Amino acid sequence: MTEPQIMMAALPFPNIDPVLFSVGPLSVHWYGIGYVIGILFAWWYGKKLVNNARLWPNNNAPMDPLALDDFVLWAALGVVLGGRLGYVLFYNFSFYISNPLEIPAVWDGGMSFHGGILGTTVAMILFAKKRGIPVWSMFDTIAAGVPIGLGVVRIANFINSELWGRVSDVSWAVYFPNGGPLPRHPSQLYEAALEGFVLFFVLALLIWKGNKLTAPGFIAGAFVAGYGLSRILVEFFREPDAQLGYLVGGWMTMGMVLSVPMVLLGVWAMWRGNHAAAKA
């Protein structure tokens with residue numbers, strides 16, 4: 001298609017204000033609300049799971065539901081610190097090494113999911129050790145609800161007109177106001193669907209129908225592998241970060257490189273969980 005034809009095929013961008021509301025100098029952004037919703041949903045859903053003893057090995061939940069109340073702050077710190085440091089190290093290291101005072105400026109954007117999951121994993125390990133909670137069951141409890149937060153944050157990325165996709169002539173392509181003169185894949189919505197709502201549904205089936213919380217680590221592994229596979233798929237439609245571009249062959253991105261180990265680790269965790277359950 002010619003450039004004018006492509007532009008005619010594009011859907012108009014729904015110009016939603018990235019700021020939900022402002023009170024004086026304080027502005028509340030959809031992006032920040034997405035993180036809050038994600039953390040609170042994972043907390044609520046985790047409590048729902050540990051309140052149902054029949055889902056767990058020997059009909060015995062691995063922790064007191066009240067422990068999750070205390071973990072919320074740990075999770076928030078893990079997500080923010082890990083997400084920011086991951087972005088600095090993986091995606092824009094040269095800029096931040098030259099401008100170290102910009103590293104704490106999370107309000108200017110720049111968060112990495114891969115860093116966030118590493119930060120949250122460290123927080124879960126430390127918290128579980130401190131409270132005497134089986135680490136793998138801690139992983140399962142939190143991982144089960146995380147996809148909803150991912151989905152909401154990706155929708156916020158769309159509202160912010162950021163992390164958009166590659167130029168495309170598909171009928172649902174979107175003309176992003178800061179994405180250049182041509183329409184692009186709304187890859188944020190692809191990620192919201194796959195990494196978010198589809199992955200949550202798959203994990204819910206494994207928990208409530210497949211009884212997989214009785215295999216410690218299986219649900220966490222399914223989440224990690226499912227996210228990795230979803231991210232790799234969507235990276236074929238997502239524009240790579242401008243400061244990195246394609247790493248190899250005009251198609252491999254940093255998101256793919258960071259997601260491949262997640263798939264392998266997730267498959268191993270699922271195998272380990274099934275193996276442990278079979279021996280119990």
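These are my notebook entries on what I looked up in this structure, which is a predicted model.

**Entry 1: the whole chain**

I started with the parts list. I found ten helices and four strands in the chain. Reading from the N terminus, I wrote down the order α-β-β-β-α-α-α-α-α-α-β-α-α-α.

Next I looked at overall size. The C-alpha atoms fill a box of roughly 65 × 45 × 35 Å along the principal axes. For 280 residues, a compact globule would have a radius of gyration near 19 Å, and this chain has 20 Å, so the two agree.

I also checked the surface. The chain exposes about 13,900 Å², and carbon and sulfur atoms supply 70% of that. Of the 280 residues, 47% count as buried.

Then I looked at who touches whom along the chain. Taking contacts between residues at least 6 apart in sequence, 69% join residues at least 24 apart.

**Entry 2: the nonpolar cores**

Which residues touch the most other members of the largest nonpolar core? That core has 41 residues, and the answer is Leu49, Phe71, Met138, Ile207 and Phe223. Several helices supply at least two residues each, including helix 2 (30–50), helix 3 (65–90), helix 5 (113–131) and helix 8 (187–208). Helix 9 gives the most, with seven residues.

Leaving out residues up to four places away in sequence, Phe223 touches Phe113, Ile117, Ala143, Val146, Pro147, Leu150, Leu199 and Leu203.

There is also a second, separate core of six residues, and Tyr87, Val88, Tyr91 and Tyr96 are among them.

**Entry 3: rings meeting rings**

How many aromatic pairs does the structure hold? I noted 17. One of them is Trp136 with Phe139, an edge-to-face pair with 5.5 Å from centre to centre and 85 degrees between the planes. Both residues sit in helix 6 (residues 135–143), and because they are three residues apart there, about one helical turn separates them.

Is Phe139 buried or exposed? Its relative accessible area is 13%, so Phe139 is buried. Trp136 comes out at 23% relative accessibility, so I put Trp136 down as partly exposed.

Phe236 and Trp251 are 15 residues apart, and both lie in the loop between helix 9 (218–235) and helix 10 (254–279). Phe236 has a relative accessible area of 38%, so it is partly exposed. I wrote 38% for Trp251 too, so Trp251 is also partly exposed.

I then spotted a cluster: ring pairs link Phe41, Trp44, Tyr45 and Phe200.

The charged end of Lys212 sits over the ring of Phe218, 4.6 Å from the ring centre.

**Entry 4: back to Trp136**

I wanted the rest of the surroundings of Trp136. Ignoring neighbours within four places in sequence, Trp136 is in contact with Pro216, Gly217, Trp268, Ala269 and Arg272.

**Entry 5: Arg154**

Where is Arg154 found? It is in helix 7. Is Arg154 buried or exposed? Its relative accessibility is 10%, and the cut-off for buried is under 20%, so Arg154 counts as buried.

Setting aside residues up to four places away in sequence, I listed what Arg154 touches: Leu163, Gln188, Glu191, Ala192, Glu195, Tyr227, Arg231 and Arg238.

**Entry 6: Ser161**

My last stop was Ser161, which lies in the loop between helix 7 (146–159) and strand 4 (174–175). What is the relative accessible area of Ser161? I got 4%, so this serine is buried. Which residues does Ser161 touch, not counting those up to four places away in sequence? I wrote down Phe13, Phe176, Pro177 and Asn178.

Definitions and conventions. Residues are numbered from 1 along each chain as its sequence is written. This is a predicted model: local features need pLDDT of at least 70, side-chain atom pairs count only at pLDDT 80 or more; totals for chains, interfaces and linings use all residues. Side-chain values use heavy atoms; hydrogens and water are left out. Buried means under 20% relative accessible area, exposed over 50%, partly exposed in between (1.4 Å probe, protein chains only). Contact means heavy atoms within 4.5 Å. Rings of Phe, Tyr and Trp (its six-membered ring) pair if their centres lie within 6.5 Å; planes under 30 degrees apart count as stacked, over 60 as edge-to-face and the rest as tilted. A charge sits over a ring if NZ of Lys or CZ of Arg is within 6 Å of the ring centre and within 35 degrees of the ring normal. A nonpolar core is a set of buried Ala, Val, Leu, Ile, Met, Phe, Trp, Tyr and Cys residues joined through side-chain atoms within 4.5 Å. The radius of gyration is taken over C-alpha atoms; the globule rule is 2.2 Å times the number of residues to the power 0.38. Accessible areas come from the Shrake-Rupley method with a 1.4 Å probe; for residues, only the protein chains shown count as cover.
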